[in-house]
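Have a look at the sequence and structure first, then read on.

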Amino acid sequence: HIFAREVLAKRRVHPDDANSPCNYALLSGQTNKEFSDKPADEVFRGLTMAQRRRAESQLFGPVSEALLRPDAYEDFARWRAKRLADELNKYCGL
């Protein structure tokens, strides 16, 4: 999860929303364990430049750190869902 379920639960976000496709990224088990329950904005600030580039490739472009704050999950989810839809449409030739 980009936004950890535990972080979202504290913000009273429904668990199904935490499991939305827009809240997923591909990480190794070790990396996932390392990030654990940290807020997304805190994780992003701690990334090296190379890690940020890899993260941005999964996000389909740069993301504003403001969208990674725990209180911005709904805005992030809308932003990411649009990015995912745009990329899928492009891939499908639509």
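Buried means under 20% relative accessible area, exposed over 50%, and partly exposed in between, with a 1.4 Å probe and protein chains only. By that cut-off, phenylalanine 3 counts as buried, at 1% relative accessibility. This is a predicted model, where local features need pLDDT of at least 70, side-chain atom pairs count only at pLDDT 80 or more, and totals for chains, interfaces and linings use all residues. Residues are numbered from 1 along each chain as its sequence is written, and side-chain values use heavy atoms, leaving out hydrogens and water.

**Ring pairs**
- Rings of Phe, Tyr and Trp (its six-membered ring) pair if their centres lie within 6.5 Å; planes under 30 degrees apart count as stacked, over 60 as edge-to-face and the rest as tilted.
- The whole structure holds 3 aromatic pairs.
- One of them is edge-to-face: phenylalanine 3 with tyrosine 73, at 5.0 Å centre to centre and 70° between the planes.
- Phenylalanine 3 sits in the segment before α1 (5-10) and tyrosine 73 in helix α6 (residues 73-91), so this pair ties together parts 70 residues apart in sequence; helices are DSSP runs (H or I, at least four residues), numbered from the N terminus.
- Phenylalanine 3 also forms a tilted pair with phenylalanine 76, at 5.0 Å centre to centre and 50° between the planes.

**Burial and cluster**
- Tyrosine 73 is buried at 3% relative accessible area, and phenylalanine 76 is buried at 0%.
- Ring pairs join Phe3, Tyr73, Phe76 and Trp79 into a cluster.

Notes: Helices (H or I, at least four residues) and strands (E, at least two) are DSSP runs, numbered from the N terminus.
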